[in-house]
Amino acid sequence: MRAFLPSQTALVLGGGGAKGAYEVGAIAALTELGIRAGSVYGTSVGALNAAMYAQGIMDRAEELWQTLKLNDVVTEESLAIADDAEAIFDHPEKIMEFLSRYAQRKGVDVSPLVAIVRKTIDEASVRRGGVDLGLVTTRFPTLTRIEKRLSDMEDGSLCDWLMASASCFPIFPMQAIGDARYIDGGFCDNTPVGMAVRAGARQIIAIDIGKHRSHAQYDLRPNVIYIRTAHSLGGLLTFDEALSRRNRTLGYNDVMRAFGHLRGVRYSFDPVDASALAPRARDFLVKLTRAEADLTLPNALAMRDDGAPLFSLLEAELPRGGDEVDYLLRAFELCCDVAGVDPAQVLTYDALRDELRARLPLQKAEAMLGSLLGGRIGVLFSSPQMDRKLVISCLYHLLQRENAFSALALRTLAAFPREMLCALTLREIL
């Protein structure tokens, strides 16, 4: 792993309300890896987490996110507009329409949240901590992005600026500082990577928890590690103990995976267990190549533009330079997606097999096998709402019985490469 010098490393934490527990898990993984940032920048809840990071009280942050409830933050009457508020952050062209719709609302009473912030954040400790802190907020009504560093804030104003960054108007009221009013920084920059760049950071670790992705331009930058989960973290105001615990685990695992201590793309696999799958992975790729060649066999009347429908599914999200085990694990993940396997765990091969056996309707599919033989495979796809769990389970049993798909079946399956791929993969698992 490359060296991350605190003086050159910036941590960027995005906004996302109740999803902030993900960032706490991500920071726990970074700490375990010995990575310490010398500067931290945040928006909204990311600014609150950034302040706790700068203060050096992530143990307190862990406790806070384990117990935080909705009534600690906002009243239930404001929930009706929560989804609007989250969506608008990524559609700035609609901000004025959104704000005018709720112009008469002054926001709910957030004094409980203010009390938590003032009780938790000790500004003097943050200033002494040696970690540069910055945040983003939005000035109202000009909707100007304001980047504010702790060194530029008046003494005693840090908590006000934190609330300005996290003022999810119109759910929360605007925050007044001096003669100006401010609303949530997510309206203009939900994951402030640019602020870290402008501050001179040479290495940046960004944690994005927004509903929509920010700053895709940094995906391939060698000096930026951009971490964003592939799974839902809940809503802006979904404060739930079990969900927070799950999100923390996802944040921890995603960072460990990003730094090579776990394997996988969307799910997390034990690296030692995964490496032992190399012989199986090589055999799987040979079988998959043959199946794809059969699936795409051209004739004079029908030529396929896509000559690799199965491998394209695997390679769409694989990082460059993936080995055969990466291909097999990605195929495992597609099966996990269909089966609804909980991503907040570290999977071994045996654990994956148990999960899929428990979650897929294998017995029901086996009982249907007789009606599917003889080329009547199209019945699986005739329903307006296809049951994908049942489909891949049936295809798996067909493969087990026949050892290959018939030419007639392949004509149908050509339109359903994902289901075919999952069925082929199940043969390597079950």
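An axis here is a line fitted to C-alpha atoms, for helices over the stretch in contact. The model shown is predicted.

**Figure 1. Overview of the chain.** The chain contains 20 helices and ten strands. Of its 430 residues, 53% count as buried. Among contacts with a separation of 6 or more, 72% join residues 24 or more positions apart.

**Figure 2. Helix α1 crosses helix α10.** Two packed helices are described by the angle and the distance between their axes. For α1 (residues 21-32) and α10 (residues 241-258), the axes come within 6 Å and cross at roughly 40°. The two helices are therefore oblique to each other. The crossing of α1 past α10 is right-handed.

**Figure 3. Residues in the contact of α1 with α10.** From α1, the contact uses Ala21, Tyr22, Gly25, Ala26, Ala28, Ala29, Leu30 and Glu32. From α10, Ser244, Asn247, Arg248, Leu250, Gly251, Tyr252, Asp254, Val255 and Met256 take part. By type, these residues divide into ten nonpolar, four polar and three charged.

Figure 4. Gln55 has a relative accessibility of 15%, and the cut-off for buried is under 20%, so Gln55 counts as buried. Leaving aside residues up to four places away in sequence, Gln55 touches Thr120, Ile121, Asp122, Ser125 and Val126. With Asp122, the side chain of Gln55 reaches the backbone nitrogen at 3.0 Å.

Technical notes:
Residues numbered from 1 in each chain as written. Predicted model: local features only at pLDDT ≥ 70, side-chain atom pairs only at ≥ 80, totals over all residues. Heavy atoms only, no water. Axes fitted to C-alpha atoms, helices over the stretch in contact; angles between N-to-C directions. Helix = DSSP H or I, 4+ residues; strand = E, 2+ residues; numbered from the N terminus. Parallel < 35°, antiparallel > 145°, perpendicular 65-115°, else oblique. Left-handed = near helix turned anticlockwise from the far one by under 90°. Contact = heavy atoms within 4.5 Å. Nonpolar A, V, L, I, M, F, W, Y, C, P; charged D, E, K, R; others polar. Buried < 20%, exposed > 50% of the residue type's maximum accessible area, 1.4 Å probe, protein only. Polar contact = N/O pair within 3.5 Å; in protein donor to acceptor, adjacent residues only side chain to side chain.
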